[in-house]
Amino acid sequence: MDYEGLIIRPPSEAYSLLLQVTVGCSHNKCTFCGTYRQKKFKIKPLEQIKKDIKEARSYYDVNRVFLCDGDALIIPQPRLEEILELINENLPDIERIGTYANAKSILRKSIDELKALKKLGLKMIYLGVETGHVELLQKIHKGVTYEQMVAAGRRVKESGIELSATVLLGLGGIEKSIEHAMDTAKILTGIDPDYVGALTLMFVPETELYEDYLAGRFVLPDKFGFIRELYIMIDKSDFTNCLFTSNHASNYLPVKAYLPREKEKILQMIGSVINDKDSSRIRPEHLRGL
């Protein structure tokens, strides 16, 4: 595989073939994210993508593909359809293709275009929602409004492609912790994704948010403050059928719950950790990671 720079993928794509079809992120301005700062965004040449797909034919047991880097959905529709067709032709055992996408790239696709991508195997889109707090969305330079984020999420849902939304515990700092949690629950309710992955904010050097932290302009909640945000997000959200997880390495309290079916049970568990201030039940600091 011809990989350029650092390659990342969602936890649920751990066993997927990572096919890099773009380099970097088409937005690359979020104040908390340093993943693609050293990469200039580009769509990779089709010939290189073809070469990588053909190489993957020799790999054993490839049934999932994840399109890297940060926003493969930005690729123009005809080229993206061609890439998906090449995957299907060369890897006949593929069950699912997934990709990251930002709200702007989703909104550039019509419902019919998204449905066409689904027919070609694109069955999972990961959307970085981060927060539902209107001011925070602007402050972190997310590049979209609350309304655009909801519209993008709902468009994916309407197309029949499964949607996994990512949110960031702690993004409002200690000052806006409760507002961030409440408003994030609200936006998740509006989107009604199939999956939610809650990550915990960890500072990345050479990002604007890290500089704010060093200067004392941004103060994180303590570990139980993060968990309180998790409680609020689950408590105040209403889903049709959602798997809600906080099992990323960054999280203090791993959670996996089918909502709304297991809502009361998971809230009782999280609440007991908060009320008891029981550090033995949460992930030690030295075991946390990005």
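## Ground rules

Since we're looking at a predicted model, local features need pLDDT of at least 70 and side-chain atom pairs count only at pLDDT 80 or more, while totals for chains, interfaces and linings use all residues. Residues are numbered from 1 along each chain as its sequence is written, and side-chain values use heavy atoms, with hydrogens and water left out.

Helix and strand labels are DSSP runs numbered from the N terminus (helices: H or I, at least four residues; strands: E, at least two).

## The nonpolar cores

In soluble globular proteins, nonpolar side chains tend to be buried together. The term "nonpolar core" here is a set of buried Ala, Val, Leu, Ile, Met, Phe, Trp, Tyr and Cys residues joined through side-chain atoms within 4.5 Å. Buried means under 20% relative accessible area, exposed means over 50%, and partly exposed is in between (1.4 Å probe, protein chains only).

The largest nonpolar core has 70 residues, and Leu67 and Ile87 touch the most other members. Helix H9 (residues 223-236) is the top contributor to this core, with seven residues. Apart from it there's another core of nine residues, including Phe32, Leu168, Leu171 and Phe218.

Who does Leu67 touch? Leaving out residues up to four places away in sequence, Leu67 is in contact (heavy atoms within 4.5 Å) with Leu19, Val21, Ala72, Leu80, Leu84, Ile87, Ile97, Gly98, Thr99 and Tyr100.

## Two helix pairs

Two packed helices are described by the angle between their axes and the distance between the axes. Axes are lines fitted to C-alpha atoms, for helices over the stretch in contact, with angles from 0 to 180 degrees between N-to-C directions. Under 35 degrees counts as roughly parallel, over 145 as roughly antiparallel, 65 to 115 as roughly perpendicular, and the rest as oblique. For handedness, a crossing is left-handed if the near helix is turned anticlockwise from the far one by less than a right angle, and right-handed if clockwise.

Take H1 (residues 46-56) and H2 (residues 77-90): their axes come within 10 Å and cross at roughly 20 degrees. That makes H1 roughly parallel to H2, and the crossing is right-handed. On the H1 side, Leu46, Ile49, Lys50, Ile53 and Lys54 meet Arg79, Glu82, Ile83, Leu86, Ile87 and Asn90 in H2. One of those H2 residues, Ile87, is also among the residues that Leu67 touches.

For H4 (residues 111-119) and H6 (residues 146-159), the axes come within 9 Å and cross at roughly 55 degrees. That makes H4 oblique to H6, and this crossing is right-handed too. Ile111, Leu114, Lys115 and Lys118 of H4 make the contact with Arg155, Val156, Glu158 and Ser159 of H6.

Where are the cis peptide bonds described here? One runs from Cys68 to Asp69, with omega near 5 degrees; Asp69 sits in the loop between strand E4 (64-68) and H2. Asn28 has a phi of about 55 degrees although it is not a glycine. Asn28 is in the loop between strand E2 (22-23) and strand E3 (42-43), and counts as partly exposed at 22% relative accessibility. Glu130, also not a glycine, has a positive phi of about 70 degrees. Glu130 lies in strand E6 (residues 122-130) and is buried, with a relative accessible area of 7%.

Thr200 is in strand E8 (residues 195-200) and counts as buried at 4% relative accessibility. Its side chain makes a polar contact with the side chain of Asn251 at 2.8 Å. (A polar contact is a pair of N or O atoms within 3.5 Å; within protein, one must be able to donate a hydrogen and the other to accept it, and residues adjacent in sequence count only if both atoms are side-chain atoms.) Beyond residues up to four places away in sequence, Thr200 touches Leu168, Leu169, Phe226, Ser250, Asn251, Tyr252 and Arg288.

Ile232 lies in helix H9 and counts as buried at 12% relative accessibility. Ile232 and Met182 are 50 residues apart in sequence and 6.4 Å apart in space, C-alpha to C-alpha. Not counting residues up to four places away in sequence, Ile232 touches Ile178, Ala181, Met182 and Ala185.

Pro284 lies in the segment after H10 and counts as partly exposed at 34% relative accessibility. Pro284 and Leu171 are 113 residues apart in sequence and 20 Å apart in space, C-alpha to C-alpha.
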